Amino acid sequence: MARLAGVSQTTVSLVLGGNKQGIAIHEDTQRRVLRAARELGYVPDPAARRLAAARNNLLGVYSFTATFPTAVEHSYYPILVGVEQEATVQGYDLVLFTGSSSGDRAAAPGALDRVRLADGCLFLGRHIPAEELRKLVEYGYPAVHIGRRDELAELAWAGADYVAASAEVVRHLAEFGHRHLVLVREDDDAPPSTDREQGFRAAVAGAGLRGTVVRTATPAADITAAWVRARRAEGVTAFVAEETDTGAAWRALHGAVAAAGLRAPQDLSLGLLGSPPADLCGDGLQRPTGFTVPRAELGAAAVRLLIALLTERDGAEPLVACAFRPGETAGPPPATS
């Protein structure tokens, strides 16, 4: 093209690139370059333009959970739908990094370096390799975690307001007349679990209730029919469980109540701080009282925050509010029914 127009390759690049540098180019020279481009059927190469701008317009998505790419029933699926939809609206493409199903691969030195193929990256997962993420953040790489993370002060995150949503579930149970509640949660310090417990404790204290938090590393072994009967004998009338990736706490509590021959809400009330696993919801099954996380909106909020980091704009995203779900598993305590 440069030969046909009788100019240098640099001049061709300036003209076809819109001459953003503002270099003086004679109008006749510009016309010759554009005429040569038309004769040769030139079509701009988006990849070349991106490289020239030091940007690929690519956003990475990396999951530390071993279910990725995920099934429609998995809790991450609607998050990824929200990520895709917002990225499309914003004019970005996505790159999926799939190292999560290989055990501790993500924690290996330099394991996350390949995400730099993208301009910035979204990360998902209950447990993260903090050291590897810290290296990325310290390097200045734009990274956003979907879900609250406090381990790395510099790591941006977009999250749901589990504290307020959990407190609302407790207040709902208190309005029915429950005075002694138990929360079942997994025995770790994952921020989503900590937030749910914080909301539970705040609402219990605010309403003058008696509340107990049970942390268990093995819900299926610890939360049994005998355990439920023992808590009932102590005066517990409402049981609440957290939602996690596996749904282990809710599965154990739900199964233990059934094994004890008890029904909700006739014999006791149940609350779920989140949504039930796919195999425990649907036609013919009770909708548990609790709240629903707007996961698609959470994914979209994370994309907006990441793009704000990339473009150096103020992109603080508010916590995404969770929708209260009245459900069918809560009612008055048996003594006041």
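How many strands make up the open sheet with mixed pairing, and in what order do they lie? That sheet has 6 strands in the order 7-6-8-9-10-11. The model you have above is a predicted one.

**The mixed sheet**

- Strand 7 (210-216) and strand 11 (323-325) stand at the edges of this sheet; each has a single partner strand, so one side of each has no neighbour in the sheet.
- On average, and with direction ignored, neighbouring strands here are turned by 20 degrees against each other.
- Strand 10 (residues 289-292) and strand 11 run antiparallel and are joined by 3 bridges.

**Helices on the mixed sheet**

- Helix 7 (residues 162-176) lies across strand 6 (180-186), strand 8 (238-242), strand 9 (269-273), strand 10 and strand 11.
- The direction of helix 7 is at about 160 degrees to strand 10.
- Helix 10 (residues 225-233) lies across strand 6, strand 7 and strand 8, and runs at about 135 degrees to strand 8.
- Helix 10 also packs with helix 11 (residues 248-259), at an angle of about 80 degrees and with the axes 8 Å apart.
- Angles of 65 to 115 degrees count as roughly perpendicular, and helix 10 and helix 11 are therefore roughly perpendicular to each other.
- Helix 10 brings Ala-225, Trp-227, Val-228 and Arg-229 to this contact, while helix 11 brings Leu-253, Ala-256, Val-257 and Ala-259.
- Sorted by class, the contact of helix 10 with helix 11 has 7 nonpolar residues, no polar ones and 1 charged.

- Strand 3 (residues 120-124) and strand 4 (residues 143-146) run parallel, with 3 bridges joining them.
- A handy pair to find here is Leu-122 and its bridge partner in strand 4, Val-144.

**Helices 5 and 12**

- The axes of helix 5 (residues 76-90) and helix 12 come within 6 Å and cross at roughly 45 degrees.
- Helix 5 and helix 12 are therefore oblique to each other, and their crossing is right-handed.
- On the helix 5 side, the contact is made by Pro-78, Ile-79, Gly-82, Val-83, Glu-86, Ala-87 and Gln-90.
- On the helix 12 side, the contact residues are Arg-295, Ala-296, Leu-298, Gly-299, Ala-300, Val-303, Arg-304 and Ile-307.
- The residues of the contact of helix 5 with helix 12 divide into 9 nonpolar, 3 polar and 3 charged.

**Salt bridges**

- The structure holds 19 salt bridges.
- One to look up is the salt bridge of Glu-132 with Lys-135, where the closest N and O atoms are 3.3 Å apart.
- Why are Glu-132 and Lys-135 separated by about one helical turn? Glu-132 and Lys-135 are separated by about one helical turn because they are 3 residues apart in helix 6 (residues 130-139).

Terms used:
Residues are numbered from 1 along each chain as its sequence is written. This is a predicted model: local features need pLDDT of at least 70, side-chain atom pairs count only at pLDDT 80 or more; totals for chains, interfaces and linings use all residues. Side-chain values use heavy atoms; hydrogens and water are left out. Two strands pair if DSSP finds at least two bridges between them. Helices (H or I, at least four residues) and strands (E, at least two) are DSSP runs, numbered from the N terminus. Axes are lines fitted to C-alpha atoms, for helices over the stretch in contact, and angles run from 0 to 180 degrees between N-to-C directions. Angles under 35 degrees count as roughly parallel, over 145 as roughly antiparallel, 65 to 115 as roughly perpendicular and the rest as oblique. A crossing is left-handed if the near helix is turned anticlockwise from the far one by less than a right angle, and right-handed if clockwise. Contact means heavy atoms within 4.5 Å. Ala, Val, Leu, Ile, Met, Phe, Trp, Tyr, Cys and Pro count as nonpolar, Asp, Glu, Lys and Arg as charged, and the others, Gly among them, as polar. A salt bridge is a side-chain nitrogen of Lys or Arg within 4 Å of a carboxyl oxygen of Asp or Glu.
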